[in-house]
Amino acid sequence: MVRLINKKNIWILQKAALGYMKFQESFTHIVGINQKRFSPCIYAMWHSDQFCVYGFEDITKVNILISNSFDGEIVAYAAKGFGFGIIRGSSGKKGAVESSMQMLEKLKAGEDVSIMVDGPGGPYHSVKNGAIKLAKMSGCPIVPVVWYSEDKTFHTIPTWDKMTFPLFDANIINLYGEPIYIPSDFSDENLGDMKNLIKETLEGLQAKAPEVYKEAKKQKLWTQKK
């Protein structure tokens, strides 16, 4: 079967993705809850919440890890055009090492890194090793973050990651967790426990988000920000 989108016409989706991000920018109102500055840091999020990067401070100093896949070409083009730094990586050993070195350089330069911990292809909410190993090498904290909204303009796509995105005016919260530090002598034998901690932290933030959102709405935080 011939793929409708290929290397010759991928630019159509690249332009469309960037156009969406530029168009949606003025309609996307994000309030950061428990947003403390740990710079440089490693933002850890689910693949479904990847658009939460809209709410990060100074996006020109945020570098997003994006896969070398065909679909990644679309995301990378849009994110770069929007102002983010881009680091390409793959699940292969060589690609993972190269992207880790690039992220380490960015952290040492005082910039932040954003990693979708169950990406690029799942399984759903299954934390990979990358963020943990990067935190160990760099000494920088992992900062968990989820985003949430009850607005009807906040949509979920029926894909493996259940990706969420706003379309038109949307009031959203970015809910940040406490930083997770990985000691330099951290043993790989404890990787499973640490991955469980990150998973439980992110899912705990998701469970807490509706209550936090209602409080933000009660306090009219978006009106204050606008």
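Leaving aside neighbours within four places in sequence, Gln50 is in contact (heavy atoms within 4.5 Å) with Met45, Val75, Met116, Asp161 and Met163. The model is predicted, so that local features need pLDDT of at least 70 and side-chain atom pairs count only at pLDDT 80 or more, while totals for chains, interfaces and linings use all residues. Residues are numbered from 1 along each chain as its sequence is written, and side-chain values use heavy atoms, with hydrogens and water left out.

**Gln50**
- Gln50 lies in the loop between strand 2 (42-45) and strand 3 (62-67), where strands are DSSP runs of E with at least two residues, numbered from the N terminus.
- Because its relative accessible area is 14%, Gln50 counts as buried (under 20%, with exposed over 50% and partly exposed in between, using a 1.4 Å probe and protein chains only).
- The side chain of Gln50 reaches the backbone oxygen of His47 at 3.0 Å.

**Strand 1**
- In strand 1 (residues 28-33), five of the six residues are buried, so that the strand is mostly covered.
- Strand 1 runs parallel to strand 9 (residues 170-176), to which six bridges join it; two strands pair if DSSP finds at least two bridges between them.
- Within strand 9, Leu175 is the residue opposite Ile33.

**Met101**
- Met101 is found in helix 3 (residues 93-108), helices being DSSP runs of H or I with at least four residues.
- With a relative accessible area of 38%, Met101 is partly exposed.

Conventions
Polar contact = N/O pair within 3.5 Å; in protein donor to acceptor, adjacent residues only side chain to side chain.
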